Amino acid sequence: MIDFIQNTVDGVMFGSSYALLAIGFTIVFGVMRRLNLAFGASIMLGAYMGTWLHVHYQVHVLVVAVTTVACTVLVGIYVERLCFHAVRRDAALASMVSSFVIWMQLEEAAIHLLPERTYAFPGLFAAGSYEAGPFLFRTEQTAMLLLAAVMVGALHLLLHRTRFGLALRATSENPLAAAYMGIHRTWTVLCAFVLMSLAGGVAGFAILATDQQITPFFGLWATFKGLIAMMLGGMGSLPGAILGGLLLGVVEAHALWYLGAEYRDLSAFLLLFAMLVSRPGGLLGQRILSREELAFRRV
Amino acid sequence: MLEVRRLHVSYGGLRAVHGVSLEVRTGEIVCIIGPNGAGKTSILNAVSGIVAPEAGDVLFEGQPIGGLPAHAVVARGIVQVPEGRLIFGTLSVEENLRVAAHRRGPFVLRRRDRPGLRRLFPALADKLDGPAAGLSGGEAQMLALARGLEAEPRLLLLDEPSLGLSPKMAEEVFALIRRLRDQGLTMLLVEQNVRQTLALADRGYVLESGRITLQGTASDLLSDHRLVSNYLGVSAGASLDPASGR
């Protein structure tokens, strides 16, 4: 039982960063009904910039953090301009395919920056742990959970307490009605990408600072984890993204403990498959799916 | 105030509006009436920037606005209350109103007193915190109107405001439009409810298959033989004629 609780707590901690990745996907999906498949690669390129500074100039970890997040945002804007703004509004598939192609380009750019395979990434804290009763908490993972919680809180405030957040939510619910109300669509979409990249950059830094290393597979990994977590929670739903991320983290933590490291990713895919078969809309995404269906029926 | 000249609107090769010219003067209520699919909504959408005109000019206070994006048109003071209301069901009533006010004030939202809202829309004022999806059809139409007004329009485009409402609710909507006119708001109104619309409007245009077939003051149109027989039906026409009175 203690093992079970311990694993669950570990899973929640790691799942918090999956939740941030899923939030990134879901914000842009909500506004555009499109997937930005280059998301993971954008984070990876941003993190490679931070790592590059760390490797060549031994800068402080906070500089690495700021560089990672700032560069992820810049790359996110680049992706939006190229794959989403420049592609016609009704060509949703073209946008997704081009974001997939940009994924390759961003990975190439990152590998040109730092050509070898694995680099050390600075941690926020030295690896350590503390005990509370029978449970053991890793310091870096606790920091990750706190960082994710702060980020979610900030996003919530932004979405619910500002005019910009309201415009974003209105556009997510009904882009046409938002246009009638004079909401600037191009600007709202760009802002959604900036938010996505902010969430992704913070998640990327938190994950890498916990792992204390970065490999060229990070982009692929981040895209997969974020997409799976979003699908679990329900596309376009922010609470769903958080729930999906935590659920994914917990299931992976249990699989890691009871079945072994090689079953960790397998369990994630199994979970996604089970969810898609039993509840295609995800845990909290039912309403959005059915509204889309309604829209189709009306057409 | 608004001048539309030889406007053409097409959707993927299908032409919906063929060279329509119309004018709205300050303080007027002008209506466009006509059967379903005549292109009434297309004209409004071309004015508000939701669709780009294929050809022709749209002038607002002398400035060309044809082809401007919707947000730029709203910024100039033209606001459309769309057909089917299109309220944001997942947002609260209050948030629906704030969406329209997005151009105004600071970055962080502050809840303002809404005496105007309470006066014009008493039913809404008590439901500000509830989800907009919980409103009845009539209340939703009132919210759509209130939301449009929140954007502080100088010209309000109303697309089928009485559609799908009970006769009693429709009467309330028309009464509200009358009050707005008395406050000096200029309106371009698209309606299928011909008689009530003409009773309200100053002037009207009859649109058929994307062309204006008839125009004039509302009272001229009401007594026009063709319009009466086509849209009001013979019996309706008879009851309109005081000489035939029963």
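What follows is a short tour, with something to select at each stop.

**Before you click**

This is a predicted model, in which local features need pLDDT of at least 70 and side-chain atom pairs count only at pLDDT 80 or more, while totals for chains, interfaces and linings use all residues. Residues are numbered from 1 along each chain as its sequence is written, and chains are lettered from A and ligands numbered from 1 in the order in which they are written.

**Stop 1: chain B overall**

You'll find 10 helices and 10 strands; helices (H or I, at least four residues) and strands (E, at least two) are DSSP runs, numbered from the N terminus. Of the 246 residues in chain B, 42% are buried. Here "buried" means that 20 or more other C-beta atoms lie within 10 Å of the residue's own, "exposed" means 12 or fewer, and "partly exposed" is in between, with C-beta atoms placed from the backbone. Take the contacts in this chain between residues at least 6 apart in sequence: 64% of them join residues at least 24 apart. Two residues are in contact if their C-beta atoms, placed from the backbone, lie within 7 Å.

**Stop 2: the sheet in chain B**

Now pick out the strands S6-S7-S8-S3-S9-S10 of chain B: in that order, these 6 strands form an open sheet with mixed pairing. Two strands pair if DSSP finds at least two bridges between them. At the edges sit strand S6 (78-81) and strand S10 (211-217), each pairing on one side only. From one strand to the next, the twist averages 15 degrees.

Zoom in on strand S3 (residues 29-33) of chain B. How many of its residues are buried? The count is 5 of 5, and the strand is mostly covered. Show the side chains: Ile29(B), Cys31(B) and Ile33(B) point one way, Val30(B) and Ile32(B) the other way, and all are buried.

With strand S9 (residues 203-208) of chain B, S3(B) pairs in the parallel sense over 4 bridges; look for Val30(B) opposite Arg203(B). One more pair: strand S7 (residues 155-159) and strand S8 (residues 186-191) of chain B run parallel, with 5 bridges between them. Leu157(B) is partnered with Leu188(B) in S8(B).

**Stop 3**

Most residues other than glycine have a negative phi, and most peptide bonds are trans. Arg6(B) has a positive phi of about 45 degrees although it is not a glycine. Arg6(B) lies in strand S1 (residues 2-11) of chain B and is exposed, with 12 other C-beta atoms within 10 Å. Then jump to Glu61(B), also not a glycine, with a positive phi of about 50 degrees. Glu61(B) is in the loop between strand S4 (55-60) and strand S5 (63-64) of chain B, and its 14 C-beta neighbours inside 10 Å make it count as partly exposed.

**Stop 4: where the chains touch**

Bring chain A back. The contact takes 17 residues from chain A and 23 residues from chain B. On the chain B side, helix H2 (70-76) and helix H3 (93-100) each supply at least two residues.

**Stop 5: helices in chain A**

Select helix H1 (residues 2-32) and helix H5 (residues 139-161) of chain A. They pack at an angle of about 35 degrees, with their axes 8 Å apart; axes are lines fitted to C-alpha atoms, for helices over the stretch in contact, and angles run from 0 to 180 degrees between N-to-C directions. Residues making this contact include Phe14(A) and Ala19(A) of H1(A) and Leu145(A) and Ala148(A) of H5(A).

Finish on Leu198(A), in helix H8 of chain A. Is Leu198(A) buried or exposed? With 23 C-beta neighbours inside 10 Å, Leu198(A) counts as buried. Leu198(A) touches Val69(A) and Val73(A), not counting residues up to four places away in sequence. Draw a C-alpha to C-alpha distance from Leu198(A) to Ser16(A): they are 182 residues apart in sequence and 15 Å apart in space.
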